[in-house]
Amino acid sequence: MKRTMKGLAGIVAGGALLTSALVAASAAPASAATPWRTYQCEGLHASVSYRVTNSWNTGFLGEVRIENSGDVIRNWELTWDWTGAQHVAGVGGVGYTQIGRTVYVNGLPHNSDVPAAGQLGFDFNSGGEAAVPDAFTLQGAVCA
């Protein structure tokens, strides 16, 4: 009976080591932030900046900033299309929805305007491979 318990302890300990090794092997290291990419908006005195702040094998974190050098942008709405199977899982401090590959983001009552000569930003998390959109649309103006 003693041998069985000792043998069982060895199997459990070995299994724990194997499980730890498998978990460590399957966890991909996070990557560093990418540089900001800035998109100028046609017909607006505004730009949109975007960067991936962290990524791993099943998702990523991103950051978006709207910079306004003109008049107040009231009730702003920003959209972009993903190039792959990305899907937004959460956005901080703003409203959002995703239909197919298109993401729609808008201000809430406390941040519905981008101030004159000011900026507004938000973070998001997404499933899928880290991606940088080709363009954005702000208030109907293409930002590329």
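This is a predicted model: local features need pLDDT of at least 70, side-chain atom pairs count only at pLDDT 80 or more; totals for chains, interfaces and linings use all residues.

Is Glu63 buried, partly exposed or exposed? I looked up its relative accessible area and found 21%, so Glu63 counts as partly exposed. A residue has to fall under 20% to be called buried.

**Entry: the overall layout**

I went through the elements next. The protein chain has one helix and ten strands.

The chain has 144 residues, and 33% of them count as buried. The protein chain exposes about 8400 Å², with carbon and sulfur atoms supplying 57% of that area.

Then I turned to contacts between residues at least 6 apart in sequence. In the protein chain, 63% of these join residues at least 24 apart.

**Entry: salt bridges**

How many salt bridges does a search of the whole structure find? I noted three. A reminder to myself: side chains of opposite charge can pair when their charged atoms come close.

I began with the partner of Glu63. Arg51 forms a salt bridge with Glu63, and the closest N and O atoms are 3.0 Å apart. Arg51 sits in strand 2 (residues 46-56) and Glu63 in strand 3 (residues 59-68), so this pair ties together parts that are twelve residues apart in sequence. I checked Arg51 as well: its relative accessible area is 23%, so Arg51 is partly exposed.

Next I looked at Arg65 and Glu67. Their side chains meet in a salt bridge, at 3.0 Å from N to O. Arg65 has 23% relative accessibility and counts as partly exposed. Glu67 counts as partly exposed too, at 30%.

My last pair was Arg74 and Asp113. They form a salt bridge whose closest N and O atoms are 2.9 Å apart. Where do the two partners lie? I found Arg74 in the loop between strand 3 and strand 4 (77-81), and Asp113 in the loop between strand 7 (102-106) and strand 8 (118-127). The pair links distant parts of the chain, 39 residues apart.

Is Arg74 buried or exposed? I read a relative accessible area of 54%, so Arg74 is exposed, since the cut-off for that word is over 50%.

Methods: Residues are numbered from 1 along each chain as its sequence is written. Side-chain values use heavy atoms; hydrogens and water are left out. Helices (H or I, at least four residues) and strands (E, at least two) are DSSP runs, numbered from the N terminus. Buried means under 20% relative accessible area, exposed over 50%, partly exposed in between (1.4 Å probe, protein chains only). Contact means heavy atoms within 4.5 Å. Accessible areas come from the Shrake-Rupley method with a 1.4 Å probe; for residues, only the protein chains shown count as cover. A salt bridge is a side-chain nitrogen of Lys or Arg within 4 Å of a carboxyl oxygen of Asp or Glu.
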